[in-house]
Amino acid sequence: MKRRDFLKTSIAASAAVLGSTSLSAGETRQPIDNRKVAKMAFPEKRPMITYSDRPPLLESPRSTFTRGITENDEFFVRWHLPDIPTHIDLDSFSIKINGMVKKELEITVKELKNDFEQVEVTAVVQCGGNSRSAFTPIPGGIQWGSGAMGCAKWKGVRLSDILERAGLQKGAHWIGFNGMEKAAYYKTPNFVRELELTELDDHVIVAYQMNDEDLPYLNGFPLRLIIPGYYSDSWVKMLSNITVTDKYKSLFFMDKAYRVPDNATESEEPNHLAKVTKPITHMNVKSLIGYPENGMQVYHNSHVVVRGVAFDGGHGIDKVMVSVDGGKNWDRAELKQGNGRYAYTEFRYAFKPTQYGKLTFMAKAVNYLGDEQPFAKDIKWNRGGYKYNGIDEVTVEVV
Ligand SMILES: Nc1nc2c(c(=O)[nH]1)N[C@H]1C(S)=C(S)[C@@H](COP(=O)(O)O)O[C@H]1N2
Ligand SMILES: [Mo]
């Protein structure tokens, strides 16, 4: 059996484990770190925290936040629609560029690799709804813990180079990106994202590789859009069509989802929703502790090395501060950078616990604009549960 023929069988088989991991109505949620990794794995993935098998919704465990690069087989997965093509022939597959262009194009992956300048960027992919379950009350949607994010090195071709080859017609203003998967019900709209051409810069790429390998099937094989610094809702996977238009088409996934209140002064509450909303775009500053994890035991007087990652929408991480006294005093963690401003910055902080019992580590990142993570209690609620970036904390037991 060829690898990609195998997909359907194993996806169906993995449905069996879901009963133990997904929430049913009326059931109370688990604390974020008590979410269980499933027993069975999806193709090209290790067993992961599994919310659904169709479409696959997989979360990375906290331990992935100890490394600057997230491995492909532990990388989170989010699809909106269940019917994901399983037989893609790399030789005949081509991406189409049409609409308000001077010349319509159909480009194969081989042509992308041979006929264009090849570029690489290391960038964080984070779902706008990552950490949604940390909001109170919890908004509807997937009850992500903090693992709807990862960082990978992407290789591909600049979108601007592709558009230059096609040539834009006068009046071209919007650009739509179409994924190949389909809904189970024919009236459900396709997954299409639309951006203003002016939003895109030379950093946006159409990628065919992730961490030096073909894109994993579930992360968008064979091509996906990479928009460094942006939340990943517009990083369209299994990208098949790029369409340039003059006007914005009203699209379900643009108009209804991935939006937050537009007016900073009009705060949103469950019984008072903001009137005007806007799409989420650039990521705010965030850090997560990867080690230790909640509930672990550490030895009295030993050296505990707290490790984690921090990132923002591309300004870069200036410092990460750690507190062991509930946020009264903060100490600077050591940083390891080098993968560029869109990548994870690794941090580490050594601490010797001199008291027995519970010990809580808090981590707070600050970017070069001076933006810092707020305390969890100061996070503004929004109906979609987007952009959560409260100070992360992990509690261990000193024994
Ligand atoms: N074709 C397609 N692309 C998509 C989506 C989708 O449902 N279909 N979901 C988007 C959202 S909301 C997220 S969070 C990311 C997830 O990327 P990943 O599965 O590679 O982690 O893909 C984005 N691209
Ligand atoms: Mo997402």
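This is a short chat about a predicted model and its ligand.

Biologist: What ground rules apply here?
Modeller: This is a predicted model, so local features need pLDDT of at least 70, side-chain atom pairs count only at pLDDT 80 or more, and totals for chains, interfaces and linings use all residues. Residues are numbered from 1 along each chain as its sequence is written, chains are lettered from A and ligands numbered from 1 in the order written, and side-chain values use heavy atoms, without hydrogens or water.

Biologist: How many residues surround ligand 1, and which are the closest?
Modeller: There are 18. The closest are Phe-76, His-80, Glu-181, Arg-224 and Lys-237. To count as near, a residue needs a heavy atom within 4 Å of the molecule.

Biologist: How does that shell divide?
Modeller: Nine nonpolar, four polar and five charged. Nonpolar means Ala, Val, Leu, Ile, Met, Phe, Trp, Tyr, Cys and Pro; charged means Asp, Glu, Lys and Arg; the others, Gly among them, are polar.

Biologist: Is ligand 1 buried or exposed?
Modeller: Buried. Alone, ligand 1 exposes 530 Å², and the protein buries 100% of that. Areas are Shrake-Rupley with a 1.4 Å probe.

Biologist: What sort of space does ligand 1 take?
Modeller: The largest cavity. On a 1 Å grid over the protein atoms alone, a cavity is a set of points where a 1.4 Å probe fits but cannot get out.

Biologist: New topic. How many aromatic pairs are there?
Modeller: Eleven. Ring centres must lie within 6.5 Å; planes under 30 degrees apart are stacked, over 60 edge-to-face, the rest tilted. Phe-311 and Tyr-344 form a tilted pair, at 5.7 Å centre to centre and 45° between planes.

Biologist: Where do those two sit in the chain?
Modeller: Phe-311 is in strand 18 (304-311), and Tyr-344 is in the loop between strand 21 (334-336) and strand 22 (345-351). They are 33 residues apart. Strands are DSSP runs (E, at least two residues).

Biologist: What about the backbone?
Modeller: Most peptide bonds are trans. Arg-54 to Pro-55 is cis, omega near -5°. Thr-136 to Pro-137 is also cis, omega near -15°. Pro-137 is in the loop between strand 6 (118-126) and strand 7 (149-158).

Biologist: What else is in that loop?
Modeller: Ser-131 lies there. Its phi is positive, near 70°.

Key. 1 Å grid on protein atoms, 1.4 Å probe; cavity = no way out; pocket = protein on both sides within 12 Å on 5 of 7 lines; lining within 4 Å. Sits in = over half its atoms within 2 Å of the grid points. Phe/Tyr/Trp six-rings, centres within 6.5 Å; stacked < 30°, edge-to-face > 60°. Helix = DSSP H or I, 4+ residues; strand = E, 2+ residues; numbered from the N terminus.
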